[in-house]
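Student: I'd like to learn how to read the meeting of two chains in a model. Could we work through one together?

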Protein chains: 2
Amino acid sequence: MSLRVVSVVLVEPVAVFEFSVAVEVFGITRPEDGIPDLDFRVCALDPSRPLQAKSLAPFAIQASHGLDGVAGSDLVIVAATPIRSDDDYPGEVLDALRSAHAAGATILSLCSGSFVLGAAGLLDGRRCTTHWMYVDAMRRRFPEVEVDGDVLFVDDGDIVTSAGTAAGIDAALHLVRRELGSEIAVRIARRMVVPPQRDGGQAQFVPTPLPECRADSLADLLTWLVDHLAEEHTAASLARRAMMSERTFARRFAAETGTTPHKWLTQQRVLQARRLLEETDLGIEQVADTVGFNSAVVLRDHFRRQVGVAPVDYRRRFAVRSA
Amino acid sequence: MSLRVVSVVLVEPVAVFEFSVAVEVFGITRPEDGIPDLDFRVCALDPSRPLQAKSLAPFAIQASHGLDGVAGSDLVIVAATPIRSDDDYPGEVLDALRSAHAAGATILSLCSGSFVLGAAGLLDGRRCTTHWMYVDAMRRRFPEVEVDGDVLFVDDGDIVTSAGTAAGIDAALHLVRRELGSEIAVRIARRMVVPPQRDGGQAQFVPTPLPECRADSLADLLTWLVDHLAEEHTAASLARRAMMSERTFARRFAAETGTTPHKWLTQQRVLQARRLLEETDLGIEQVADTVGFNSAVVLRDHFRRQVGVAPVDYRRRFAVRSA
């Protein structure tokens with residue numbers, strides 16, 4: 001792939017932030033940074049009619065090109081737009097995306113734009129991502145697609161999908177790095193006052209309410225467990241508490257939670273640690289102790305694996321300081 | 001200040017990314033996050049005519065309100081637009097900003113929007129910031145304004161200014177935190193897949209070419225110094241090298257560099273360290289050694305003070321990895 005012609009396809013109502021990421025990274029002249037201008041096109045089904053933005057204020061965006069602008073693009077960006085059933089995306093837009101992809105263009109979706117790609121059939125058998133809020137909906141809608149909800153973007157070669165909102169910046173800068181080199185990506189990032197690469201994935205930004213306990217027979221036990229995370233628990237001790245044989249307990253636990261007692265406990269301990277890091281000033285050692293990890297080292301290890309960043313970094317980002 | 005009515009004032013050509021930050025933080029309905037809708041208005045001098053965006057593609061934005069929409073706002077946001085002489089901003093826009101401010105509105109400028117505030121006379125005697133590229137221009141244009149180029153935003157009460165581009169997100173979330181509380185700010189940040197607070201300031205994003213040596217008489221010495229940062233230098237040893245008395249050397253050095261030999265050397269050492277962190281795999285200890293700091297501890301201390309983040313964090317963000 002070379003990168004000379006970049007088009008953005010808008011679908012009404014337009015999610016303006018995601019669209020603006022495409023404009024900022026690919027659609028601005030930057031001669032003072034020694035970056036050559038791209039042939040940048042903002043395309044819509046009917047460019048003579050301004051498209052309503054997704055906003056509380058009824059403002060609109062007037063595209064510069066019709067869908068014929070998509071033809072000949074090296075990169076086609078699908079901006080975000082509210083999710084609807086596959087048939088309710090304009091058929092002409094889906095056709096334009098399929099044709100561009102067949103002609104060799106790389107396709108980049110931003111946030112919920114991944115559903116447009118899915119509706120066009122471009123994701124079948126592929127790996128992709130989308131906004132963390134829509135990961136489950138995406139899996140249900142497109143069972144033949146592998147949806148990774150933890151990362152900021154997925155580069156599957158000629159199909160690149162970004163996670164939620166600002167993750168579009170990460171995906172766009174990644175494509176700049178891939179096609180135009182690291183130096184240009186770093187220059188654009190600096191102008192945008194963002195890091196060219198971010199730590200951790202999307203997982204760290206997902207809020208974590210306690211999972212609703214729908215398991216009838218183990219519901220009481222699970223509720224009790226969450227209140228007693230600090231204590232030591234083994235499969236044997238839990239089976240005794242549930243008054244079942246270890247074998248029955250293991251089978252029942254897997255059926256009702258989809259995982260093992262050990263993994264479930266670790267998950268709950270990390271969830272609880274996140275909450276304590278957000279809302280208290282407890283030291284890491286105390287947090288580990290409170291949620292039932294043997295040491296700060298063990299907490300750090302599980303935390304990194306599950307959330308994608310270290311506990312101290314997580315606290316720095318999400319601690320609720322009084323205003 | 002309460003926060004119910006928020007208006008954005010657009011000036012042509014519209015910097016779309018900065019505008020979209022205002023839309024994303026204040027102009028979207030988020031009932032699923034329990035956030036009440038604001039009265040959000042996109043205002044322009046003539047809302048019947050679409051405003052050209054600042055982009056390689058000739059697309060346009062149609063505002064929802066005229067400048068009368070600014071009246072009654074609790075918060076007025078001035079989106080970015082290319083810098084011009086004070087008289088070339090529409091006088092009606094400057095009037096609307098002055099009236100809103102006089103009526104008690106908080107004013108938030110994004111990126112180069114700070115120049116619009118300056119042209120309206122709203123920054124006189126105030127502290128503010130702007131994009132790092134424009135800090136010097138801002139200081140020259142508005143000598144009565146204290147411009148801080150290192151931070152992501154400046155909260156001066158009823159006037160809040162953001163640094164470059166994405167720093168607008170930091171400033172906007174800061175205002176949400178200030179007016180609506182931390183919890184709502186955290187919820188919006190998560191939806192946007194950004195941290196509610198970022199580490200370090202704008203300084204870490206500023207590229208650092210070696211300053212051009214315009215000092216005629218010391219030019220050779222300074223060039224030599226940059227090539228010999230690893231060695232030890234004192235005012236006495238440098239004066240000897242320049243074949244001047246220490247007193248003459250100190251006076252000349254101050255006249256030509258605006259600083260002392262010690263401070264200048266420290267600056268150059270940190271600059272060189274940044275370059276090594278970006279482009280090499282040298283350990284922190286080796287970097288310190290190469291640029292002439294006695295130890296990693298000394299490097300870390302000066303680096304943090306000058307750049308705003310620790311060397312390891314800086315490397316993680318800016319290291320040029322091969323694509």
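Predicted model: local features only at pLDDT ≥ 70, side-chain atom pairs only at ≥ 80, totals over all residues.

Student: By what turn and what shift can chain B be laid on chain A?

Tutor: A turn of 180° with a shift of 0.0 Å along the axis does it, giving an RMSD of 0.3 Å. That is the relation of a two-fold axis. In chain B, Ile61(B) has the C-alpha nearest the axis, 2.4 Å from it.

Student: And how do I read the interface between them?

Tutor: The size of an interface is often given as the accessible area lost when the parts come together. Here about 5,300 Å² is buried between chain B and chain A, with carbon and sulfur atoms giving 62% of that. On the chain B side, Leu56(B), Arg190(B) and Val193(B) lose the most area to chain A, together 16% of what that side buries.

Student: How many residues are in contact?

Tutor: 66 residues of chain B touch 66 of chain A. Of the interface residues of chain B, 100% are also interface residues in chain A, so the copies meet through the same surface.

Student: What about the helix pair?

Tutor: Two packed helices are described by the angle between their axes and the distance between the axes. For H1(A) and H1(B), residues 16-26 in each chain, the axes come within 8 Å and cross at roughly 160°. Angles over 145 degrees count as roughly antiparallel, and therefore H1(A) and H1(B) are roughly antiparallel to each other. The crossing is left-handed.

Student: Which classes of residue make the contact of H1(A) with H1(B)?

Tutor: Six are nonpolar, two polar and four charged.

Note on methods. Residues numbered from 1 in each chain as written. Chains lettered and ligands numbered in written order. Heavy atoms only, no water. Axes fitted to C-alpha atoms, helices over the stretch in contact; angles between N-to-C directions. Helix = DSSP H or I, 4+ residues; strand = E, 2+ residues; numbered from the N terminus. Parallel < 35°, antiparallel > 145°, perpendicular 65-115°, else oblique. Left-handed = near helix turned anticlockwise from the far one by under 90°. Nonpolar A, V, L, I, M, F, W, Y, C, P; charged D, E, K, R; others polar. Least-squares fit on C-alpha atoms with pLDDT ≥ 70 in both. Contact = heavy atoms within 4.5 Å. Buried area = accessible area lost by both parts, 1.4 Å probe.
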